[in-house]
Amino acid sequence: MVRVSTPSAPADLPTTAGELARSGHPAANARSVRTELRDNLLARLRAGQDPWPGIVGFDRTVLPQFERAVLAGHDVVLLGERGQGKTRLLRSLVNLLDEWTPVIEGSELGEHPAEPIIPASRRRAAELGDDLPIAWRHRSERYAEKLATPDTSVADLIGDVDPVKVAEGRSLGDPETIHYGLVPRAHRGIVTINELPDLAERIQVALLNVMEERDIQVRGYTLRLPLDIMLVASANPEDYTNRGRIITPLKDRFGAEVRTHYPLEVAGEIALVRQEAHLVADVPDHLVEVLARFTRHLRQSGAVDQRSGVSARFTIAAAETVAAAALRRAAVTGEDAAVARPVDLESVPPVLRGKLEFESGEEGREAELLTHLLRRSVTETARARLAGVDLAPLADGVSALEGARRVVTGDRVAARQVVDALPSISVVYTVAERLGAAGTEAPGPLASAVELALEHLYLTRKLAKDDDAEDGTVAYGG
């Protein structure tokens, strides 16, 4: 289950069932969770508000389908490869619940005061009447999440007989001896099961009654509990077809199957990195674009196992690695501000190659493949961002430099050294303006921008470059 910090309920809310009924509070009348989700989603759509903050790249594909499923009151399974934001989308459903909802104080299942469903709550409601104490539950407490693992049991999800309660003198067939599992405890809320196909088939069977008849069965006897839950799940296509499967009767009970995808555009991939990555240094936009293009090339490569997919987490981790490389260089060289440069991209393949699955027959070629696709991404980014800029004067000016005057970069070379070595020609400032490095006195952004242009010139064979393996430097020039 997801644990989140819960705010305190407002002090002016009713504290008994009678006060609630007399208050005229909108929550005095119980609504089903599906009606609640539908009403709140419609209200946001009509008000022009984004119901799914933080969800990137699904606006015209996944979200319309998902919204239709919510409006229809369907249980939903999201089907997609790893790192496509399935769990994040499912967790965002909680934002469509009412912020506060009344529950019977002390109830295990969080029942509405007007609709108790377990024997103990019904008895208390009958005895206390309007004096039945109520509490207020925040929307964050009405969301339960379970990662499906082979060792998940029926007791975890549905419940089991509590031997302590039996030992206290209750009979074994007494419904009050039951310790309720995750699903009943999510009554009037949302239950998410991640990687549903990994759930053993006999455990999936236990969900059939929950989804259709809305009751639960424990140890041979049935409790007719009118559970009010929305069940949503995620599944990976590879797991869905091979390692595990969703049993046919359970698939039939899901009202909607929505397929997710990776960002369709480079801009979507960049937006995702900017939103999710925790960067310890400044990573200019052109370097994030290089990483976004790199990830997209990996997803299209025949050498990479596309059944496993290339997660969006790969791009995020790559950006964080590049930022870390820049921070390390700043510490070593004594720079005040850490700004990533194209030379930092070299840190990505050796660190992140383990996040990829390669096709059989590619053994030994992984590093070569990653280096090739990364260089291709650099060239495409430079070509797109510097379109129309004549870089020939830059190539000529740098080629004319010799010896110690050449433009040298590396993981131990400060940005000031790179900038001071550049020839004083107008194209340098044009490149800086195109790549967002103009108007700042700090050397980092300018060094990063010009390095991209120099690397592009080298990759298009218009400029020489020497790598010094001993000290880890790269020199552009004659």
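**Salt bridges, a buried strand and a helix crossing**

Let me begin with aspartate 39, which has a relative accessible area of 31% and is therefore partly exposed; in this talk buried means under 20% relative accessible area, exposed means over 50%, and partly exposed is what lies in between, computed with a 1.4 Å probe on protein chains only. What you see above is a predicted model, in which local features need a pLDDT of at least 70 and side-chain atom pairs count only at pLDDT 80 or more, while totals for chains, interfaces and linings use all residues. Residues are numbered from 1 along each chain as its sequence is written, and side-chain values use heavy atoms, with hydrogens and water left out.

Which residue does the side chain of aspartate 39 meet in a salt bridge? The partner is arginine 31, at 2.9 Å from N to O, where a salt bridge is a side-chain nitrogen of Lys or Arg within 4 Å of a carboxyl oxygen of Asp or Glu. Arginine 31 is itself partly exposed, at 29% relative accessibility, and it forms a salt bridge with aspartate 98 too, the closest N and O atoms being 2.6 Å apart. Because arginine 31 lies in the loop between α1 (17-23) and α2 (33-46), and aspartate 98 in the loop between α4 (86-91) and β2, this pair ties together parts that are 67 residues apart in sequence. When I say helix or strand, I mean a DSSP run, H or I with at least four residues for helices and E with at least two for strands, numbered from the N terminus. Aspartate 98, at 22% relative accessibility, also counts as partly exposed.

Arginine 88 lies in α4 and glutamate 276 in helix α13 (residues 266-276), so here the parts tied together are 188 residues apart in sequence. Arginine 88 is partly exposed with a relative accessible area of 38%, and glutamate 276 is partly exposed at 22%. Elsewhere, Glu289, Arg293, Arg376, Glu380 and Arg385 are linked in a network of salt bridges, and by the rule I gave the count comes to 23 salt bridges.

Now to the strands. Is strand β7 (residues 189-194) largely enclosed or open? Of its 6 residues, 6 are buried, so β7 is largely enclosed by the rest of the structure. Strand β4 (residues 143-147) runs parallel to β7 and is joined to it by 5 bridges, with glutamate 145 having threonine 192 as its bridge partner in β7. Strand β10 (residues 229-235) is likewise parallel to β7 and joined to it by 5 bridges, and there isoleucine 190 has methionine 230 as its partner. Two strands pair if DSSP finds at least two bridges between them.

A buried loop residue deserves a moment as well. Isoleucine 117, in the loop between β2 (100-104) and α5 (119-128), has 5% relative accessibility and so counts as buried. Its C-alpha atom is separated by 6.1 Å from that of leucine 225, although the two residues are 108 apart along the chain. Leaving aside residues up to four places away in sequence, the residues touched by isoleucine 117 include Leu109, His187, Leu225 and Pro226, contact meaning heavy atoms within 4.5 Å.

Finally, the helix crossing. The axes of helix α18 (residues 392-399) and helix α21 (residues 443-459) come within 10 Å and cross at roughly 85°, the axes being lines fitted to C-alpha atoms, for helices over the stretch in contact, with angles running from 0 to 180 degrees between N-to-C directions. That makes α18 roughly perpendicular to α21, since angles of 65 to 115 degrees are called so, whereas those under 35 count as roughly parallel, those over 145 as roughly antiparallel and the rest as oblique. Leu394, Ala395 and Val398 in α18 meet Ala453, Leu454 and Leu457 in α21.
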